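Please inspect the sequence and the structure before reading the solutions.

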Amino acid sequence: MSHLYDCAPELLKAGDLARRFAALIRGDDDAGLEQWIEDATDSELASLAAGIGRDIAAVRAAITQPWSTSPVEGQINRLKTIKRQMYGRSGYPLLRNRLLAAA
């Protein structure tokens, strides 16, 4: 692994930033979020940092609030699968009937 980091040192920094971000998300304190965005701005994760910076309020809420959509993720996935199956076949009325029939 050290050979890979010798050839591409930016991967070492990106890995460290990814681990720090994962720790931020798993925790319940958003204190290091601005520092993470600043550190990631000039790395391979610059695009992710820019996206987080654009909607920082939502990211803060995701870290600090206890709310989650986990209990309904299965239902959401099922409905999206049906929607994808119906893509291009017909309009809203048929999709609505399929969704209601599957519920």
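A salt bridge is a side-chain nitrogen of Lys or Arg within 4 Å of a carboxyl oxygen of Asp or Glu. The model is predicted: local features need pLDDT of at least 70, side-chain atom pairs count only at pLDDT 80 or more, and totals for chains, interfaces and linings use all residues. Residues are numbered from 1 along each chain as its sequence is written, and side-chain values use heavy atoms, with hydrogens and water left out.

**Exercise 1.** Determine which residues are linked with Arg60 in a network of salt bridges.

*Solution.* 
Step 1. Glu34 pairs with Arg60, their closest N and O atoms being 1.7 Å apart. Because Glu34 lies in helix α3 and Arg60 in helix α5, this pair ties together parts 26 residues apart in sequence. Helices are DSSP runs of H or I with at least four residues, numbered from the N terminus.
Step 2. Arg60 also forms a salt bridge with Asp30, at 2.7 Å between the closest N and O atoms. Asp30 is in the loop between α2 and α3, 30 residues apart from Arg60.
Step 3. The network therefore links Asp30, Glu34 and Arg60.

**Exercise 2.** State whether Asp30 is buried or partly exposed.

*Solution.* 
Step 1. Buried means under 20% relative accessible area, exposed over 50%, and partly exposed in between (1.4 Å probe, protein chains only).
Step 2. Asp30 has 16% relative accessibility, so Asp30 counts as buried.

**Exercise 3.** Identify the salt-bridge partner of Arg20.

*Solution.* 
Step 1. The partner is Asp39, with the closest N and O atoms 2.9 Å apart.
Step 2. Arg20 belongs to helix α2 and Asp39 to helix α3, 19 residues apart.

Conventions:
Helices (H or I, at least four residues) and strands (E, at least two) are DSSP runs, numbered from the N terminus.
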